[in-house]
Amino acid sequence: GILAQTRAGSHRRLWPLVTSAEMWFARARPAGLLRCVGGPRGTRACAGASVIEAAAQDIARDGYGVARLGAAASVRDMQDVAMHLMQVDTGRLGEYNGGGDVQRNTIDGSRFLDSSAGAPSEVAIQFHHEMAYAAAYPRYVTFAMVKQAEEEGTTLLADSVKVQQIMPAPLLGKFRELGVQYLRHMNDESDRGKPGFYVSWQEAFLTDSIDKAMSVGNNPDTFSSMDWVRQGWLRQTVWCPVFHHHPQHGELFFNSILNRHGSWLDGHAHWGLQPYVERPYHCLWGDGVEFSADEVEEIRRVHRESTIAVHLDPGDVLVLDNLRVAHGRTPYRGGRLLGLLLSDMVQRAPCQPPDGYQPSGPPPPA
């Protein structure tokens, strides 16, 4: 893995929002990195398998690793390396589209999805574990840099082993007792292009049938419910625990709280002016009570103190142990294309919401 370094060469932890002038990233590429040069895929020469071996060792030790293949690597080259590091073949890759979230397009005929969908470039993506709101989530996640932004767009990581170690015990106890409710608001496709449109239920569930969307969104087995907030505006509420049992580290903090709390869109030209419960995403304590400002800030603090900044160049393949390492990114300007690939899926262990759980958050203000 590549940590942000000071000019003296010592590692330091970075706050999620810092300018490029405040960062200095190690750019040295050790000998033996895999490089791809030459003609079409199949004839190009890729040398230095030690980079893949080193990345695999980093993943096992640190929960993430970067294989720097060089700018000549194709998207298919990066896909092959990603599947090797995630220990899967194409038949075991996880699916993202159709699960009730944004729809992502594929890149150059590969299995990589465009990770930018649903995330405004001017707003930071807060720390989260991929699909932690779902009943099944990927064991590993790969990000492949195809085109880096003109400014910023730094990938941020946080190891939940450390996050959990420094989080206050009372807050951890409250998470164990209550879990969290994730709220998701969806428009009708006919509203696309209007102010306030974020995603349609047709796009989220890959169907034009409201009955089919409702049957997926209303599932007591996954503690999911969906209802009309008002004409043309659906709300899905899902209760989830905020821990997962990691095969090496035991119980670990595992969730999408910071990335689903309405405050993540603070600063957005439209959504930043709306109350949290009017924004596309929001989350509540498992009993339906709002997080206090102090609680949200405490969650942010422990992630700030655990932040690892990773600069990705074209041809770089970053593989994460999704059950251990949360990820996010800084805002950016200019075109950026980052591929997302999911490994095999892990089913959530049997769980139960707290007593008195109500399957819908508070209605938005009239």
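In strand S12, Trp239 is the bridge partner of Gln181, a residue of strand S10. The model is predicted, and local features were considered at pLDDT of at least 70, side-chain atom pairs at pLDDT 80 or more, and totals for chains, interfaces and linings over all residues. Residues are numbered from 1 along each chain as its sequence is written, and side-chain values use heavy atoms, with hydrogens and water left out.

Strands S10 (residues 180-187) and S12 (residues 233-240) run antiparallel and are joined by eight bridges; strands are DSSP runs of E with at least two residues, helices are runs of H or I with at least four, and both are numbered from the N terminus. Strands count as paired if DSSP finds at least two bridges between them. Asn187 stands opposite Trp233 in S12. S10 also pairs with S15, in the antiparallel sense, over five bridges, and here Tyr281 of S15 is the bridge partner of Arg184.

These pairings belong to an open sheet of four strands, with the order S11-S12-S10-S15 and antiparallel pairing. S11 (224-230) and S15 (281-285) are the edge strands; each has a single partner strand, so one side of each lacks a neighbour in the sheet. From one strand to the next, the twist averages 25°.

Eight of the eight residues of S10 are buried, so the strand is largely enclosed by the rest of the structure. Buried denotes under 20% relative accessible area, exposed over 50% and partly exposed the range in between, with a 1.4 Å probe and protein chains only. Val180, Tyr182, Arg184 and Met186 point one way from S10, whereas Gln181, Leu183, His185 and Asn187 point the other way.

Helix H4 (residues 169-178) lies across S10, S12 and S15 and runs at about 100° to S15. Helix H6 (residues 210-217) lies across S11 and S12, at about 130° to S11. Angles run from 0 to 180 degrees between N-to-C directions, and axes are lines fitted to C-alpha atoms, for helices over the stretch in contact. Contact means heavy atoms within 4.5 Å.

A helix pair was also examined. The axes of H1 (residues 50-62) and H2 (residues 75-86) come within 10 Å and cross at roughly 40°. H1 is therefore oblique to H2, the class left after roughly parallel (under 35 degrees), roughly antiparallel (over 145) and roughly perpendicular (65 to 115). Ile52, Ala55, Ala56 and Ile59 of H1 make the contact with Val81, His84 and Leu85 of H2.
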